[in-house]
Each structure stands twice: as structure tokens, then as C-alpha cells.
Amino acid sequence: MRVVIGDARLSLGHEPDQAFDLLVLDAYSADSIPVHLATREALALYLRKLAPGGVLAFHISNWHLDLEPVFANLARDAGIACLVRDDTTLSPAQQESGKSPSVWIAMARTPADLAFLTSGGRWQNARTSGNPGWTDDFSSVLSVFRS
């Protein structure tokens, strides 16, 4: 495994196409999210770098923004599979052991590529919204603020 710290779009731009079985993006928990990493154009880059059968994993935990429909809309518009795991309700034992609440999105080109996640029932179909998918030219952070 190789961890690359930096802007995913810039870093991945230098990598060969279809080179990764798994890409994990963890850039969405701060108050100010990097919107350019959650756009149609960014997803197209991630998919180009992903090997056949590969999986994209996005850590989308955020106290202020509900990012699930943002990523689900991107997947819907791209015609790819998308699942979510909401792991925000923790038992006292989990909290005591240091586990933090989290929300993850997994995407792949086909549902079969994500089948290994669905057996335990913890991963569900991600919730879309009527809003358009974000692009480099359009995004609306106000539309995903938690109330």
C-alpha cells in the first residue's frame, strides 16, 4: 500500500491509468471541504486511474454537511454502483476502545465489484437527491448543510 498526501486530482494526474485496485479519499471532514474533489470531473479521473474491478472509497464524515447525496448523485450520473456505510451510532464499548463515528461511500463500475460489501448488511444503497451532480463549474455547499 502506498499513501500519498496531497491534492488527489494533482497527484493522480501523474499516475498511469487503470493502476489502482483501491483508491481511498479522505478529505471531507473539515469545515471547508475541497469541492473540486467531489465533482463529475474528479470522479472521471478517479475512474480512469482505477483498475477493472477496482473500488473507490470516500470517507465523507462531516459534522456540518450531508455529503451522501453529493457522492450518490455523482455515481448516479456516471452510471456506476454506489453504497454507503453509516457507522455513526457506536456502542459504549466501541467508543471506549477509541472508535470514531464515520460515514463511508464505496463506488465501483458495477454492483458485482461491490458485492463483497453487501453480505453483512452494513452497506446500503446510497441516498441520492434531486440536485444535479457537482461539476467543476457548479456546486452548492448550501444545499447539503445539516439542519
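Thr135 is in contact (heavy atoms within 4.5 Å) with Thr39, Arg40 and Glu41, with residues up to four places away in sequence left out. The model is predicted: local features need pLDDT of at least 70, side-chain atom pairs count only at pLDDT 80 or more, and totals for chains, interfaces and linings use all residues. Residues are numbered from 1 along each chain as its sequence is written, and side-chain values use heavy atoms, with hydrogens and water left out.

Thr135 is placed in the segment after strand S5 (124-125); helices (H or I, at least four residues) and strands (E, at least two) are DSSP runs, numbered from the N terminus. Its relative accessible area is 14%, so Thr135 counts as buried. The classes are buried under 20% relative accessible area, exposed over 50% and partly exposed in between, with a 1.4 Å probe and protein chains only. A polar atom of the Thr135 side chain lies 3.1 Å from the backbone nitrogen of Asp137. Between the C-alpha atoms of Thr135 and Asp77 there are 11 Å, with 58 residues separating the two along the chain.

**Salt bridges**

Asp77 also takes part in a salt bridge, with Arg40 as its partner. A salt bridge here is a side-chain nitrogen of Lys or Arg within 4 Å of a carboxyl oxygen of Asp or Glu. Side chains of opposite charge can pair when their charged atoms come close. Over the whole structure, eleven salt bridges are found. Three of them are listed below.

| Pair | N to O distance |
|---|---|
| Asp77 and Arg40 | 3.3 Å |
| Arg127 and Asp66 | 3.0 Å |
| Glu68 and Arg127 | 3.1 Å |

In the pair of Asp77 and Arg40, Asp77 belongs to helix H3 and Arg40 to helix H2, 37 residues apart, and the pair links distant parts of the chain. Asp77 is partly exposed at 38%, and Arg40 is partly exposed at 41% relative accessibility.

Arg127 has salt bridges to Asp66 and to Glu68. For the bridge between Arg127 and Asp66, Arg127 sits in the segment after S5 and Asp66 in the loop between S2 and H3, 61 residues apart. Arg127 is partly exposed, with a relative accessible area of 39%, while Asp66 is buried at 18% relative accessibility. For the bridge between Glu68 and Arg127, Glu68 lies in helix H3 and Arg127 in the segment after S5, so this pair ties together parts 59 residues apart in sequence. Glu68 counts as buried, at 12% relative accessibility. Elsewhere in the list of bridges, shared partners join Arg85, Asp87, Lys99 and Arg122 into one network.

Helix H2 (residues 40-49) has Ala42, Leu43, Leu45, Tyr46, Leu47 and Lys49 as its buried residues. Their cover includes H1, S1, strand S2 (50-59), helix H3 (68-78) and strand S4 (102-108).

A nonpolar core is a set of buried Ala, Val, Leu, Ile, Met, Phe, Trp, Tyr and Cys residues joined through side-chain atoms within 4.5 Å. In soluble globular proteins, nonpolar side chains tend to be buried together. The largest core here has 34 residues, of which Tyr28, Tyr46, Phe58, Phe71 and Met107 touch the most other members. At least two residues of this core come from each of H1, S1, H2, S2, H3, strand S3 (81-87) and S4. Apart from this core lies another, of eight residues, among them Val55, Ala106, Ala108 and Leu117.

Residues up to four places away in sequence aside, the contacts of Met107 include Leu43, Gly54, Phe58, Phe71, Ala75, Cys82 and Leu114.

**Gln18 and the exposed surface**

Gln18 is not a glycine, yet has a positive phi of about 55 degrees. The residue is placed in the loop between helix H1 (8-13) and strand S1 (20-25). At 51% relative accessibility, Gln18 counts as exposed. Its contacts, leaving aside neighbours within four places in sequence, are Arg48, Lys49, Leu50, Ala51 and Pro52. The C-alpha atoms of Gln18 and Ala78 are separated by 17 Å, at 60 residues apart along the chain.

Ile5 lies in the segment before H1 and is exposed, with a relative accessible area of 79%. Together with Met1 and Val3, Ile5 makes a nonpolar surface patch of about 490 Å². Patches are made of residues with over 30% relative accessible area and no salt bridge, with like charges joined within 9 Å and nonpolar side chains (Val, Leu, Ile, Met, Phe, Trp, Tyr) within 5 Å. Accessible areas come from the Shrake-Rupley method with a 1.4 Å probe; for residues, only the protein chains shown count as cover.

Methods:
A polar contact is a pair of N or O atoms within 3.5 Å; within protein, one must be able to donate a hydrogen and the other to accept it, and residues adjacent in sequence count only if both atoms are side-chain atoms.
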